[in-house]
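Trainee: I have a new model open and I'd like to learn how to read it. Could you take me through it?

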Amino acid sequence: MYKIFVRKYSAFKRMDFFDLFGYAKMLFCKAKTRWIYAYLFGKIGKGVWIKKPAQIYGAQNIFIGDDVRIERGGIFYAVKYYGGKKYNSRIVLGNGTFANRDLNLTSAYEINIGKEVVFGPNVFLTDFDHGYDDVKKSRLQTDLISKGPINIGDRCWIGANSFIGSGVELGEYCVVAANSVVTKSFPAYSVIAGVPAKLIKVYDPSIGSWIKVNKKTCLEK
């Protein structure tokens, strides 16, 4: 116990003003998450902190695992009603996930985020789009259409400013390059990039390294 106290005291002594200010804000975020959000969300696990979100809607349909950290500006929108229809949306974030600033998860159906997934700043995931077949309807009242739920495997890395659409499934350990638009699924251990995103590298366990994919080697689903 004494050794723990000494270690923490030494850490505090090394902190400057901004370190201490950030630490105080973190304590506030943890308290707010534990004593307020925990009673509003479908689930809030242990060790979770959520900094100042931009918007939360349908919190009872949002389920967050242990040790999840969410930076400020996040939008977590679980649609309940739209265009006169009821939706049973569901958003799940697995243990150890980290979301950088301005993550947007908007769901009318289901978004599943695995364990220890990392999101760069300004990432947008949505499991639906707005239909446009009926030109007589208001753009805000058109039917919601979807190719299926979004499933992100464990320990994926989603780069800054990326978009992931409905029906996309990424296997574990996938890397999505910054500014990518992901409209289809990719297997585990893939590096994808571009608009629309394409497979550019895969992990080869026999040599313990990532290798480039040529035109003759396409492992996309």
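Trainee: Let's start with charges. Which residues are linked in a network of salt bridges?

Mentor: Before we look, keep in mind that this is a predicted model. The network links Lys85, Lys137 and Asp143. To read it, take one pair at a time and check the gap between nitrogen and oxygen, where the cut-off is 4 Å. Aspartate 143 and lysine 85 form a salt bridge, with their closest N and O atoms 3.8 Å apart. These two tie together parts that are 58 residues apart in sequence, because aspartate 143 lies in the loop between β15 (129-130) and β16 (144-145) while lysine 85 belongs to strand β8 (residues 85-86). Aspartate 143 also forms a salt bridge with lysine 137, and there the closest N and O atoms are 3.2 Å apart.

Trainee: How many salt bridges does the count come to?

Mentor: The count comes to 5. One of them joins the side chains of glutamate 116 and arginine 155, at 2.7 Å from N to O. Glutamate 116 lies in the loop between β12 (110-113) and β13 (118-119), and arginine 155 in the loop between β17 (150-152) and β18 (157-158), so this pair ties together parts that are 39 residues apart in sequence. Glutamate 116 is partly exposed at 39%, and arginine 155 is partly exposed too, at 44%.

Trainee: Now the sheet. How do I read strand order?

Mentor: Here's the general idea: strands of a sheet pair through backbone hydrogen bonds, either parallel or antiparallel. You walk across from neighbour to neighbour and write down the strands as you meet them. In this model, an open sheet of 6 strands reads β3-β6-β11-β14-β19-β22, with parallel pairing. At the edges stand β3 (55-57) and β22 (181-182); each has a single partner strand, so one side of each is left without a neighbour in the sheet.

Trainee: Can we zoom in on β11? Which strands does β11 pair with?

Mentor: Strand β6 (residues 75-78) runs parallel to β11 and is joined to it by 4 bridges. Strand β11 (residues 104-107) also pairs with strand β14 (residues 124-126) in the parallel sense, over 3 bridges. You can follow this residue by residue. Leucine 105 in β11 stands opposite phenylalanine 76, and in β14 the bridge partner of leucine 105 is leucine 125. Asparagine 104 stands opposite phenylalanine 124 in β14.

Trainee: And are the faces of β11 covered or open?

Mentor: Both are covered. Asn104 and Thr106 on one side are buried, as are Leu105 and Ser107 on the other.

Trainee: What about aromatic rings? How many aromatic pairs does the structure hold?

Mentor: There are 7 aromatic pairs. To read one, check the distance between the ring centres, then the angle between the planes. For tyrosine 203 and tryptophan 210, the centres are 5.3 Å apart and the planes are at 65°, so the pair is edge-to-face. Tyrosine 203 is partly exposed at 31%, and tryptophan 210 is partly exposed at 34%. Ring pairs also link Tyr173, Tyr189, Tyr203 and Trp210 into a cluster.

Trainee: Last one: which residues make the nonpolar surface patch?

Mentor: Trp35, Ile36, Tyr39 and Leu40 make that patch, which covers about 500 Å². Tryptophan 35 belongs to helix α2 (residues 17-35). With a relative accessible area of 52%, tryptophan 35 counts as exposed.

Terms used
Residues numbered from 1 in each chain as written. Predicted model: local features only at pLDDT ≥ 70, side-chain atom pairs only at ≥ 80, totals over all residues. Heavy atoms only, no water. Patch = residues over 30% accessible without salt bridge, like charges linked within 9 Å, V, L, I, M, F, W, Y side chains within 5 Å. Areas by Shrake-Rupley, 256 points an atom, 1.4 Å probe, with all protein chains shown as cover. Buried < 20%, exposed > 50% of the residue type's maximum accessible area, 1.4 Å probe, protein only. Pairing = 2+ DSSP bridges. Phe/Tyr/Trp six-rings, centres within 6.5 Å; stacked < 30°, edge-to-face > 60°.
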